[in-house]
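Please walk me through how to read a helix and one of its residues in a model of this kind.

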Amino acid sequence: MPNSSSVSEFLLLAFADTRELQLLHFALFLGIYLAALLGNGLILTSVACDHRLHTPMYFFLLNLALLDLGCISTTLPKAMANSLWDTRAISYEGCAAQILFLVFLVVAEYFLLTVMAYDRYVAICKPLHYGSLLGSRACAQMAAAAWGSGFLNAVLHTANTFSLPLCQGNAVDQFFCEIPQILKLSCSGAYLREFGVVVFSISVLFGCSVFIVISYIQILRAVLRMPSEQGRHKAFSTCLPHLAVVSLMVSTGMCSYLKPPSISSPYLDLVVSFLYSVVPPAVNPLIYSMRNQELRDAVRTLVEYTILRRIHP
C-alpha cells in the first residue's frame with residue numbers, strides 16, 4: 001500500500017468520459033470563470049476609481065471581490081485544463097497548494113463577512129460613532145486580521161493534512177483537492193489529529209455565525225424603529241446583499257460538510273462542492289449590484305467611460 005512519500009500525484013474526479021462532454025464542461029467552466037472575473041473585476045475597478053465609494057463598506061466589498069477572485073481561480077483553471085487536455089492528474093505539491101489557498105480564501109472570506117456585519121451594525125445602530133469606530137486605520141486592521149486569520153488557519157490545516165500517511169491510493173473523488181477527500185486516503189486512525197483541528201475551526205466559524213445573527217437582530221430592531229420609509233429602504237438595500245452572500249456561503253458549505261454519510265456519493269459531493277466553491281464567487285457581484293444603486297451607478301460610469309475611450313482615443 002502506498003504511503004504519503006510514494007504518492008507523487010493525485011487523480012481528480014473526471015466530469016465525463018466522452019470527449020464531447022469534456023469540451024462542453026470546459027466551455028461551461030470557462031463561461032462561469034469569465035463571468036466571475038468580469039463581475040469582481042468591475043467591482044474592484046469601480047471601488048478603486050470612484051471617490052464616492054471610498055467608504056468602509058466598499059473597502060470591505062473590494063476585499064471580498066479579491067477573495068472571490070482568488071477562490072474561483074484556485075479551483076476552476078485546473079478543472080478546465082484537465083477537461084481540455086483529457087487528464088485527471090494533479091501533482092502532490094499542486095494538490096497541497098490548492099488546499100492551502102482554498103482554505104485560506106474561504107476562511108478569510110467568512111471572517112471578512114463577519115467584519116462586514118459589524119460595519120452594517122455600527123452604521124445603522126450607532127451612526128454617530130461610525131467615523132470613530134470605523135476609521136481608515138481600523139478598517140485596514142480588521143481586513144488584515146481577516147486575511148491573516150485565514151492564512152494561519154490554512155497553514156495549520158494543510159500542514160496537518162499532508163503530514164498524514166496515505167494508505168488508500170491517490171484517487172480523489174472531487175474535481176479539486178479538499179481536506180475531506182485527502183483524509184479518506186489516509187491510514188485508519190491517522191486523521192484524528194486533523195479532525196481535532198477541524199472541530200476547533202468549526203467552533204470559531206460558529207462563533208462568527210452567532211455574531212452575524214446577533215448583529216442582524218439588532219439591525220432589524222433599529223430599522224423597524226426608523227420613522228422614515230426611505231431610511232428603512234436604504235438600510236435594507238445595504239444589508240440584504242450582505243445577508244444573501246452570508247446565507248449562500250453558509251448553506252452551500254453546510255450541504256457540503258454536514259450532509260449525512262448515507263446520502264453521500266461521488267457525484268453528489270461534486271455538485272455540492274461546485275455550489276460552495278464556484279457559485280458564490282460568480283454570483284456575489286450580481287447580488288451586490290442588484291440592490292445597491294451607488295455601486296450600479298459607479299459600474300455604469302466606468303463602462304461608459306471605457307466605451308468612450310475606445311470610440312474616441
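**Reading helix α2**

Q: Where does α2 kink, and by how much?

A: A bend at a residue is the angle between axes fitted to the seven residues ending there and the seven starting there. In α2 a kink of about 35 degrees lies at Ser73, shortly before the proline Pro77. This is a predicted model, in which local features need pLDDT of at least 70 and side-chain atom pairs count only at pLDDT 80 or more, while totals for chains, interfaces and linings use all residues. Residues are numbered from 1 along each chain as its sequence is written, and side-chain values use heavy atoms, with hydrogens and water left out.

Q: What span does α2 reach from its first C-alpha to its last?

A: Helices are DSSP runs (H or I, at least four residues), numbered from the N terminus, and the expected span is 1.5 Å times one less than the number of residues. With 30 residues, α2 reaches 44 Å, close to the 44 Å expected at 1.5 Å a residue; Asp86, whose phi is positive, near 55 degrees, follows the helix.

Q: Is Cys71 buried or exposed?

A: Buried means under 20% relative accessible area, exposed over 50%, and partly exposed in between (1.4 Å probe, protein chains only). Cys71, placed in α2 (residues 56-85), is buried, because its relative accessible area is 3%.

Q: Which residues does Cys71 touch?

A: Contact means heavy atoms within 4.5 Å. Not counting residues up to four places away in sequence, Cys71 touches Leu102, Leu105, Val106, Ser277 and Pro281, and the C-alpha atoms of Cys71 and Val278 are 7.9 Å apart in space although the two are 207 residues apart in sequence.

Key:
Helices (H or I, at least four residues) and strands (E, at least two) are DSSP runs, numbered from the N terminus.
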